[in-house]
Amino acid sequence: MTITLDAPATPARPAENPLGFVWLEITGKCQEFCVTCYADSSPQGTHGTMSVKDWHKVIRQLALMGVRDVQFIGGEPTLYPRLEELIAHAYARGLGIEVFSNLVHIRATLWKAFERYGVKLATSYYSDVSAEHDAVTQLKGSHKKTRANIQKAIDLGMPIRGGVITVNQGQRVIQAAKDLAELGVDHVGGDKTRAFGRASQGAAPKIADLCGHCALGQCAIGPSGDVWPCVLGRFISLGNVREQSLATIWNSQRKTDVRAEIAAEHGLTPVQSCTPPQFLPSCGPCGPCVPSVGHCDPQEAALGAATIATT
């Protein structure tokens with residue numbers, strides 16, 4: 001089977017798996033220019049064509065579909081001027097909320113919204129050494145600001161996860177994870193750099209580079225309304241929420257075919273689990289993998305478990 005990326009979704013039919021988690025990528029704008037960015041976000045990015053009214057409509061649909069949790073992501077979601085409003089709307093609809101931020105700058109009104117609506121936070125952290133972290137983000141001073149705001153979140157009692165992505169050989173990933181733990185971050189995960197966006201260095205994206213559990217209870221919605229099987233699988237369109245309801249897209253033959261293609265590529269069955277990276281809270285049932293694991297590939301994780309069992 002070959003995926004036709006522009007194939008339209010067919011009319012809705014009963015979902016084969018319920019939708020439980022959705023990434024809401026509300027902007028492509030970011031202060032940083034990370035060399036690993038799968039979304040190609042940058043200071044030149046935009047908020048896309050989705051209006052606040054469109055996002056409100058999507059959030060209402062998510063609640064009606066029984067979605068449990070959403071993650072606001074980007075780009076840098078805190079640069080979206082009406083993020084507080086979207087958080088409040090999601091909270092009113094009973095959704096659990098996480099914001100994935102670089103934590104370079106959080107305006108005072110956002111801190112208040114995070115506290116008021118029980119928002120969880122997640123962030124990326126590349127090194128315990130400022131120069132090494134800043135070399136990845138391409139923003140001087142980013143390490144100092146991110147680290148200070150991690151500490152502030154902890155002081156305020158906010159749940160926060162940290163993820164260490166391996167970018168370069170010899171990178172201080174273990175030391176970075178230790179630094180986060182010493183700050184008081186309870187959940188520290190890690191992953192390898194994946195060949196999407198800038199990290200691909202111009203190579204065409206491939207299904208084989210995904211973890212294999214995309215569209216298995218989760219999907220992502222981009223700043224122009226496109227629905228993807230996950231934030232990394234943005235080269236595969238399932239439909240657009242400005243043209244169809246999310247329920248129609250999720251229950252379509254198109255989504256079923258995409259899910260089957262991904263599963264076939266990875267040799268997976270629906271009951272298999274993986275060890276997800278820190279930025280995929282939906283993939284379960286495992287907890288975030290530690291930097292010493294450094295990946296979330298189900299087949300590699302299975303091989304690792306088999307090795308441990310035989311030693």
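Lys-255 sits over the face of Trp-250, 4.2 Å from the centre of the ring; a charge counts as over a ring when NZ of Lys or CZ of Arg is within 6 Å of the ring centre and within 35 degrees of the ring normal. This is a predicted model, in which local features need pLDDT of at least 70 and side-chain atom pairs count only at pLDDT 80 or more, while totals for chains, interfaces and linings use all residues. Residues are numbered from 1 along each chain as its sequence is written, and side-chain values use heavy atoms, with hydrogens and water left out.

For orientation, the overall picture comes before the details. The protein chain contains nine helices and nine strands, taken as DSSP runs (helices H or I, at least four residues; strands E, at least two) and numbered from the N terminus. Of its 311 residues, 53% are buried, where buried means under 20% relative accessible area, exposed over 50% and partly exposed in between, with a 1.4 Å probe and protein chains only. Among contacts with a separation of 6 or more, 71% join residues 24 or more positions apart; a contact means heavy atoms within 4.5 Å.

Aromatic rings come next. The whole structure holds three aromatic pairs. Rings of Phe, Tyr and Trp (its six-membered ring) pair if their centres lie within 6.5 Å, and planes under 30 degrees apart count as stacked, over 60 as edge-to-face and the rest as tilted. One of the pairs joins Phe-21 and Trp-23, which are edge-to-face because their planes stand at 90°, with ring centres 5.0 Å apart. Both partners are shielded: Phe-21 is buried at a relative accessible area of 6%, and Trp-23 is buried at 1%. Another pair, Tyr-91 with Tyr-117, has centres 5.1 Å apart and planes at 55°, so it is tilted. This pair links distant parts of the chain, 26 residues apart: Tyr-91 belongs to helix α2 (residues 83-92), and Tyr-117 to the loop between α3 (108-116) and β4 (120-124). Tyr-91 is partly exposed, with a relative accessible area of 44%.

What about the cysteines? No disulfides are found anywhere in the structure, a disulfide being a pair of cysteine sulfur atoms within 2.5 Å. The sulfur of Cys-30 has its closest cysteine sulfur in Cys-34, at 6.1 Å, which is too far for a bond. Cys-230 is likewise in no disulfide, its nearest cysteine sulfur being that of Cys-214, 3.5 Å away. Cys-30 is buried, at 7% relative accessible area, and Cys-230 is buried too, at 5%.

Just after α4, Gln-138 adopts a positive phi of about 60°. Asp-155 lies in helix α5 and is exposed, at 58% relative accessibility.
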